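User: Hi! I am new to reading protein structures and would like to learn how the labels are decided. Could you walk me through the aromatic rings here?

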Amino acid sequence: LLLVVACSFYYVLTVVTNRIRSQVAAKAEATLAATYGAEIQATIANYEAKWMSLEAYYDPSVQAALAKGPYLEYWKLARLGPQLNEGGPWLVTKSAVVNYIRVLEYTPEQFKALASVIRQIDEYTPKGEFTRSYQPREVCRLYLFVREDSVWKVADLFDMTRQSDIARDWE
């Protein structure tokens, strides 16, 4: 009987502790969102709108202004070299709207945020000719931005839109 009481007490203590932690985290996130949410929302929207813009296909400096480090080196369009202009199609972001944001951490040097973004994608040929528009698509991502020379840049991004994205990005 004493063991059952001890286990029950431990369970209740664990549940209460987790609720308190959740409430504290929620308050901290709400404060961060109220203070920095507009800045972070604009930063993410800017990144999403420009990263795969038509200009980014022609000018590698567009992506270099948006990201840095291993993320930039792995995902940049310039790494495709001549293959970029062969075949196709190019998927180009026409617009990006952040419709949900959770600010997890913020310092003057970096921030982490979860965001849901609705992206409108158009298809172009490598010659820059419009082919068609796709239906708007919602993506859900965890972003890590760092400040470099007063500019926010993506240092890493974790896509949680589909299970296959999670498996790919986690490895």
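**Aromatic rings, step by step**

Analyst: Let's begin with Phe145, which is buried at a relative accessible area of 0%. Keep in mind that this is a predicted model.

User: What makes Phe145 count as buried?

Analyst: Buried means under 20% relative accessible area. Phe145 has 0%, so Phe145 is buried.

User: Why is the pair of Phe111 and Phe145 called stacked?

Analyst: The ring centres are 4.9 Å apart, and rings pair if their centres lie within 6.5 Å. The planes are at 15°, and planes under 30 degrees apart count as stacked. Therefore this pair is stacked. Phe111 sits in strand E2 and Phe145 in strand E4, 34 residues apart, so the pair links distant parts of the chain.

User: How do you know whether Phe111 is buried or exposed?

Analyst: The relative accessible area of Phe111 is 1%, and the cut-off for buried is under 20%. So Phe111 is buried.

User: How many aromatic pairs does a search of the whole structure find?

Analyst: The search finds 14 aromatic pairs. One of them joins Tyr47 and Tyr143, and this pair is edge-to-face.

User: What makes the pair of Tyr47 and Tyr143 edge-to-face?

Analyst: There are 6.3 Å from centre to centre and 80° between the planes. Tyr47 lies in helix H1 and Tyr143 in strand E4, 96 residues apart.

User: Why does Tyr47 count as buried?

Analyst: Its relative accessibility is 1%, and buried means under 20%, so Tyr47 qualifies. Tyr143 is buried too, with a relative accessible area of 1%.

Conventions
Residues numbered from 1 in each chain as written. Predicted model: local features only at pLDDT ≥ 70, side-chain atom pairs only at ≥ 80, totals over all residues. Heavy atoms only, no water. Phe/Tyr/Trp six-rings, centres within 6.5 Å; stacked < 30°, edge-to-face > 60°. Helix = DSSP H or I, 4+ residues; strand = E, 2+ residues; numbered from the N terminus. Buried < 20%, exposed > 50% of the residue type's maximum accessible area, 1.4 Å probe, protein only.
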